[in-house]
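Here is a short report for a first look at this structure. Keep the sequence and the 3D view at hand while reading.

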Amino acid sequence: MKKSVTLPEFPRDEVRAAIAQGIQQAQGKPIQMKRRSKRKPFVFIASTVAVFSLTIGTAYVSPTFASTLSKLPIIGSVFNDSGLPGLKQASEQGLTKAVGETQTINGISVTVDEVLYDDSRITVGVTMQSEQELSELYFGAGLEFTINGAQPTVSSGSYSEQRLSPTVRTGIATFDVKQVEEMPDFFQLGLILAGEKGEKWTFSTPIEKITEIVHVPVNHRQQVEGIELDISNISFSPSGISLDYEAKMNGILDNPPASIEFFITDGQGREIASHSGGGKAQFDDGVWKLSSTKAFDPIAQHVGKLTITPYVAIPTGGGSFQIDADGKETHLPFNPSAYKEVNFQPFTVEVPVQ
């Protein structure tokens with residue numbers, strides 16, 4: 001019996017502290033645990049030319065209109081103001097593509113700000129401006145995408161928004177792609193954003209993979225408590241670190257599989273923040289087969305070695321649906337007793353000179 005699902009995201013803070021403590025005891029070195037707080041978005045003032053062209057012929061600009069103008073991001077600023085070091089660094093180094101295409105439907109203007117194609121990860125920044133205040137979840141789960149007009153074989157991702165004013169917000173969508181065939185270096189990216197009232201904004205832009213990527217074969221394998229873990233590759237770029245892994249674990253179809261996560265520190269014991277997304281999971285003859293690419297912040301140039309500790313993030317809820325031959329769905333409830341703690345051994349990776 002086969003079933004493919006998308007792995008959910010898991011809260012990791014409660015297990016990181018325990019991992020850090022274990023590494024500290026083993027190595028006798030202090031571990032500095034840092035958490036990135038949510039920063040308020042930096043507000044850019046619209047250019048003088050834009051203001052005059054919109055207000056010429058009138059002696060009065062309403063405070064609401066002026067406030068809206070002041071909060072509109074300039075093209076190419078969404079990544080820079082995201083608070084994510086990888087996107088900020090990639091944008092500052094000119095590795096992102098500024099798009100600036102806008103479509104307006106029902107008084108709502110959506111602009112594709114910029115795009116970054118880094119290995120198998122695609123990141124898109126958008127700006128939404130409305131004549132009226134919108135509900136918090138007006139754009140639902142965010143952007144969908146296509147590759148040369150076709151849906152990808154397997155993909156997962158995330159979407160987040162920042163509210164700059166009642167009528168202006170920005171969004172960042174990230175897509176992790178798992179194709180049967182190798183991802184092309186250059187392709188036409190299609191983007192679709194749906195609104196709460198049936199609106200559909202569609203865009204298409206050519207994108208190209210950045211070349212500033214260094215791949216390091218790892219080929220590290222561990223087998224612990226019936227879990228076979230294989231870390232094949234780590235790549236480094238100005239936008240961050242990517243770690244590819246596959247795993248097999250015994251399980252039952254009733255429950256979603258546990259996720260394999262990674263705690264990474266540099267030579268000084270400082271944590272490299274992770275931005276973990278989803279992945280591919282397939283259930284076949286009592287075995288879950290997992291694969292995913294995990295993303296982390298970029299590292300400083302002086303870092304020469306990383307310590308990587310795999311760990312199991314056990315789901316806190318969920319369940320699944322089983323569909324029979326007649327299409328009838330049966331809900332399979334979550335069973336926390338099916339999971340157990342697993343202790344992987346840390347390993348090190350030498351960082352290549354970039």
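## Starting point: a pair of strands

Serine 259 stands opposite alanine 313 in E16. The model is predicted. The two strands here are E13 and E16, which run antiparallel and are joined by 7 bridges.

E13 is mostly covered, with 7 of its 7 residues buried. Its side chains point two ways. Ser259, Glu261, Phe263 and Thr265 point one way, while Ile260, Phe262 and Ile264 point the other way. Residues of both groups are buried.

## The three-stranded sheet

E13 belongs to an open sheet of 3 strands, in the order E13-E16-E19. The pairing in this sheet is antiparallel. E13 and E19 stand at the edges and have a single partner strand each, so one side of each is left without a neighbour in the sheet. On average, neighbouring strands of this sheet are turned by 35 degrees against each other, direction ignored.

E16 also pairs with E19, in the antiparallel sense, over 4 bridges. In this pairing, lysine 305 has glutamate 350 in E19 as its bridge partner. Strands of a sheet pair through backbone hydrogen bonds, either parallel or antiparallel.

## E15 and its partners

Now turn to E15. This strand is mostly covered: 8 of its 10 residues are buried. E15 runs antiparallel to E12, and 10 bridges join the two. Tryptophan 288 in E15 has methionine 249 standing opposite.

E14 is another partner of E15, again antiparallel, with 5 bridges between them. Here glutamine 282 stands opposite lysine 289 in E15. E14 and E15 form a hairpin, with 2 residues between the strands. Aspartate 285 lies in the turn and has a positive phi of about 55 degrees.

## Nonpolar cores

In soluble globular proteins, nonpolar side chains tend to be buried together. The largest nonpolar core in this model has 32 residues. Which of them touch the most other members? They are Leu243, Tyr245, Ile260, Phe262 and Leu306. Ile260 and Phe262 point the same way from E13.

Strands E10 (214-224), E11 (227-237), E12 (240-250) and E13 (259-265) each supply at least two residues, and so do E14 (280-284), E15 (287-296), E16 (305-313) and E19 (347-350).

## Cavities

How many cavities of 30 Å³ or more does a search of the whole structure find? The search finds 2. The second largest cavity has a volume of about 30 Å³.

Its lining is made up of Met128, Leu134, Ser165, Pro166, Thr167, Val168 and Arg169. By type, the lining residues of the second largest cavity divide into 4 nonpolar, 2 polar and 1 charged.

## A glycine in a loop

Where does glycine 195 have its place? It sits in the loop between strand E8 (186-194) and strand E9 (200-208).

Is glycine 195 buried or exposed? The cut-off for buried is under 20% relative accessible area. Glycine 195 has 14% relative accessibility, so it counts as buried. The C-alpha atoms of glycine 195 and isoleucine 108 are separated by 9.4 Å, although these residues are 87 residues apart along the chain.

How values were computed. Residues numbered from 1 in each chain as written. Predicted model: local features only at pLDDT ≥ 70, side-chain atom pairs only at ≥ 80, totals over all residues. Heavy atoms only, no water. 1 Å grid on protein atoms, 1.4 Å probe; cavity = no way out; pocket = protein on both sides within 12 Å on 5 of 7 lines; lining within 4 Å. Points joined across faces, edges and corners; volume = space filled by probe spheres on them. Nonpolar A, V, L, I, M, F, W, Y, C, P; charged D, E, K, R; others polar. Core = buried A, V, L, I, M, F, W, Y, C linked by side-chain atoms within 4.5 Å. Buried < 20%, exposed > 50% of the residue type's maximum accessible area, 1.4 Å probe, protein only. Pairing = 2+ DSSP bridges. Axes fitted to C-alpha atoms, helices over the stretch in contact; angles between N-to-C directions.
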